[in-house]
Amino acid sequence: MDQLQIKDLEIFAYHGLFPSEKELGQKFVVSAILFYDMTKAATDLDLTASVHYGELCQQWTTWFQESTEDLIETVAYKLVERTFEAYPLVQEIKLELKKPWAPVHLPLDTCSVTIHRRKQRAFIALGSNMGDKQANLKQAIEKMRARGIHILKESSVLTTEPWGGVEQDSFANQVVEVETWLPAPVLLENLLAIESEMGRVREVHWGPRLIDLDLLFVEDQVLYTDDLILPHPYIAERLFVLESLQEIAPYFIHPTLKQPIRNLYDALKK
């Protein structure tokens with residue numbers, strides 16, 4: 001992909017763990033590569049399809065100086081976050097933050113951190129069978145947006161019978177396709193935080209729930225940890241999930257089953 005590179009932007013600011021760093025300040029140096037498609041800007045002279053690097057450097061300087069942080073990791077992360085927010089056309093960012101005046105009493109040129117993030121598409125299943133079910137789904141989607149998770153597509157809301165053998169009220173279910181630069185484990189943390197904010201209490205496995213947010217896919221990633229399994233292990237067994245998925249992404253290929261969603265849906269529906 002095309003790249004815009006900004007190298008060694010010097011900014012004087014007041015970040016650091018030691019009180020003297022916050023009092024006296026020091027020099028920091030920012031370098032970054034921004035990845036985005038430059039075709040439209042190059043061929044049509046369309047400035048809206050480009051990143052104004054002068055304005056970006058000024059924004060970085062402003063953002064850098066408006067607060068103080070203990071760790072340069074925090075500063076670098078926030079610069080990446082705000083750059084993605086300000087420039088939706090940017091698909092990937094690799095940013096290095098140098099601290100040449102670091103308080104290390106040894107021969108040292110500089111120390112630095114590098115944060116590298118790219119946008120990914122993911123699918124999230126939503127379910128609710130308590131209170132105003134459809135309102136709960138809408139609220140969860142708005143909370144995703146508030147956390148910088150961009151909603152690309154929403155399936156229709158389905159009324160479905162409970163899954164898992166626990167006797168309870170019917171569910172309102174849907175699936176959304178999202179775009180996010182958050183890594184899969186961090187995206188899951190955000191979904192669990194939204195559940196908690198909305199008042200979900202986990203008392204009965206597969207029991208009634210105010211809101212349920214399941215991370216189904218993050219592109220073609222395959223993960224197996226104590227906290228997260230990708231793809232979600234029950235996708236091919238849940239007709240309501242496949243029905244919603246095939247509505248918005250019928251040709252998405254399941255990363256481990258190697259079949260498009262529409263085929264999995266047709267096979268389970270029979």
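In which sense do strands S5 and S8 pair, and over how many bridges? S5 and S8 pair in the antiparallel sense, over 9 bridges. The close-up views below start from the whole chain and return to this pair in a later legend.

**Figure 1. The predicted chain as a whole.** This is a predicted model, in which local features need pLDDT of at least 70 and side-chain atom pairs count only at pLDDT 80 or more, while totals for chains, interfaces and linings use all residues. Residues are numbered from 1 along each chain as its sequence is written, and side-chain values use heavy atoms, with hydrogens and water left out. The chain has 8 helices and 11 strands. Helices (H or I, at least four residues) and strands (E, at least two) are DSSP runs, numbered from the N terminus. The C-alpha trace spans about 70 × 50 × 30 Å along its principal axes. Of the 270 residues, 45% count as buried (under 20% relative accessible area, with a 1.4 Å probe and protein chains only). Among contacts (heavy atoms within 4.5 Å) between residues at least 6 apart in sequence, 65% join residues at least 24 apart.

Figure 2. Axes here are lines fitted to C-alpha atoms, for helices over the stretch in contact, and angles run from 0 to 180 degrees between N-to-C directions. Strand S3 (residues 92-99) pairs with S4 over 8 bridges in the antiparallel sense, and Lys98 stands opposite Ser112 in S4.

**Figure 3. The packing of helices H5 and H6.** Helix H5 (residues 133-146) and helix H6 (residues 184-197) pack at an angle of about 130°, and their axes are 10 Å apart. Because of this angle, H5 is oblique to H6 (angles under 35 degrees count as roughly parallel, over 145 as roughly antiparallel, 65 to 115 as roughly perpendicular and the rest as oblique). The contact is made by Ala140, Lys143 and Met144 of H5 together with Leu191, Ile194 and Glu197 of H6. These residues divide into 4 nonpolar, no polar and 2 charged (Ala, Val, Leu, Ile, Met, Phe, Trp, Tyr, Cys and Pro count as nonpolar, Asp, Glu, Lys and Arg as charged, and the others, Gly among them, as polar).

**Figure 4. Strand S8 and its partners.** In S8, 10 of its 10 residues are buried. Phe171, Asn173, Val175, Glu177 and Glu179 point one way, and Ala172, Gln174, Val176, Val178 and Thr180 point the other way. In the pair of S5 and S8, the bridge partner of Phe123 is Glu177 in S8. S6 pairs with S8 over 4 bridges in the antiparallel sense, and His150 has Glu179 of S8 as its bridge partner. S7 and S8 form an antiparallel pair over 3 bridges; Thr159 stands opposite Ala172 in S8.

**Figure 5. The buried side of helix H7.** Phe240, Val241, Leu242, Ser244, Leu245 and Ile248 are the buried residues of helix H7 (residues 239-248). Their cover includes strand S5 (120-128), strand S6 (150-154), strand S7 (158-160), strand S8 (171-180), strand S9 (212-218) and helix H8 (261-269).

Terms used:
Two strands pair if DSSP finds at least two bridges between them. Buried means under 20% relative accessible area, exposed over 50%, partly exposed in between (1.4 Å probe, protein chains only).
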